[in-house]
Amino acid sequence: MTAAVVAGLLAGYGIAVPVGAVGAHLVAVAARSPWLTGAGAALGIAVADGVYALVAVAGGSALVPLLAPVATPLRWASVLVLLALAAASARTALRAHRAGTPPEERPVTAPHRAFWTFLGITILNPMTVLYFTALVLGGHAAAGRAEAVVFVAAAFAASASWQLVLAGTGTLLGHALTGARARLLTGLASSALIAVLAVGLVV
């Protein structure tokens, strides 16, 4: 059982720690939102990772040939969604700067909406299930039912803890950057970073 816990934690951190476009967007959202909104977004990502870990241990080997034909379309869909989010984020930052809207008066995304938004974005990435499937097929997750449950729970916990760290970092960044120009520059920088990382998914 301990081996399943360790394998799940390593798998969860392995997929979560490399900060991609979704992670960058999480930090950007958390920087301009209350902590609960960032936490909701972080848990949305973690739940998606947990779902894909569950799918992998439940029958990932059978999914590989099914996912292969749609992997490219899903990747492009993910890129388009992320680019749209980057554009929306940049537009929001510019409008707020031009209007001179104080941070506390800016519209805030509800935590449950942030959760579902980030869950959907992360689910669009078929590489996540292929990653977990490769671990399962490579013998890095125990085959027994109880061990499989522990593996999935540990992977979710690892992903959740890291995403919450990113959300907390974004919240601290938002509190530190209170000037209008600083918020504009960081908003535009995060949008550019999201766009670059999104394009990197297909380049």
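Q: What do buried, exposed and partly exposed mean?
A: Buried means under 20% relative accessible area, exposed means over 50%, and partly exposed is in between (1.4 Å probe, protein chains only). Accessible areas come from the Shrake-Rupley method with a 1.4 Å probe, and for residues only the protein chains shown count as cover.

Q: Where does Y13 fall, then?
A: Y13 has a relative accessible area of 35%, so it is partly exposed. Y13 sits in helix 1, residues 2–16.

Q: What kind of model is this?
A: This is a predicted model, where local features need pLDDT of at least 70, side-chain atom pairs count only at pLDDT 80 or more, and totals for chains, interfaces and linings use all residues. Residues are numbered from 1 along each chain as its sequence is written, and side-chain values use heavy atoms, with hydrogens and water left out.

Q: How many helices and strands does the protein have?
A: Seven helices and zero strands. Helices (H or I, at least four residues) and strands (E, at least two) are DSSP runs, numbered from the N terminus. Along the sequence the pattern reads α-α-α-α-α-α-α.

Q: And how much of the protein is buried?
A: Of its 203 residues, 38% are buried.

Q: Back to helix 1. Which residues are buried there?
A: A4, A7, G8, A11, G12 and A16. They fall within an arc of 150° seen down the axis, so they line one face of helix 1. The arc is that of the directions from the helix axis to the C-beta atoms.

Q: What is exposed on the other side of helix 1?
A: T2, A3 and L10.

Q: Which residues make the nonpolar surface patch?
A: V5, L9, Y13 and V17 make a patch of about 270 Å². Patch residues have over 30% relative accessible area and no salt bridge; like charges are joined within 9 Å, nonpolar side chains (Val, Leu, Ile, Met, Phe, Trp, Tyr) within 5 Å. A salt bridge is a side-chain nitrogen of Lys or Arg within 4 Å of a carboxyl oxygen of Asp or Glu.

Q: New topic: helix 2. Why is it called largely enclosed?
A: Because 10 of its 11 residues are buried, helix 2 is largely enclosed by the rest of the structure. Among them are V22, H25 and L26.

Q: Which residues touch the most other members in the largest nonpolar core?
A: V22, L26, L82 and F118, out of 15 residues. Helix 2 (21–31), helix 3 (35–99), helix 4 (111–123) and helix 6 (145–176) each give two or more residues to this core. Apart from it lies another core of six residues, including A7 and F151. A nonpolar core is a set of buried Ala, Val, Leu, Ile, Met, Phe, Trp, Tyr and Cys residues joined through side-chain atoms within 4.5 Å.

Q: What span should helix 4 have?
A: Its 13 residues should span 18 Å at 1.5 Å a residue, and its end C-alpha atoms are 18 Å apart, which agrees. The expected span is 1.5 Å times one less than the number of residues.

Q: Which residues are buried in helix 4?
A: A114, F115, F118, L119, I121 and T122. Their arc is only 165° around the axis, which puts them on the same side of helix 4. On the other side, H112, R113 and W116 are exposed.

Q: Tell me about L119. How far are the C-alpha atoms of L119 and I45 separated?
A: By 5.2 Å, though the two are 74 residues apart along the chain. L119 has 12% relative accessibility, so it counts as buried.

Q: Is A53 buried or exposed?
A: A53 counts as buried, because its relative accessibility is 0%. A53 belongs to helix 3. Its C-alpha atom is 5.6 Å from that of V152, which is 99 residues away along the chain.
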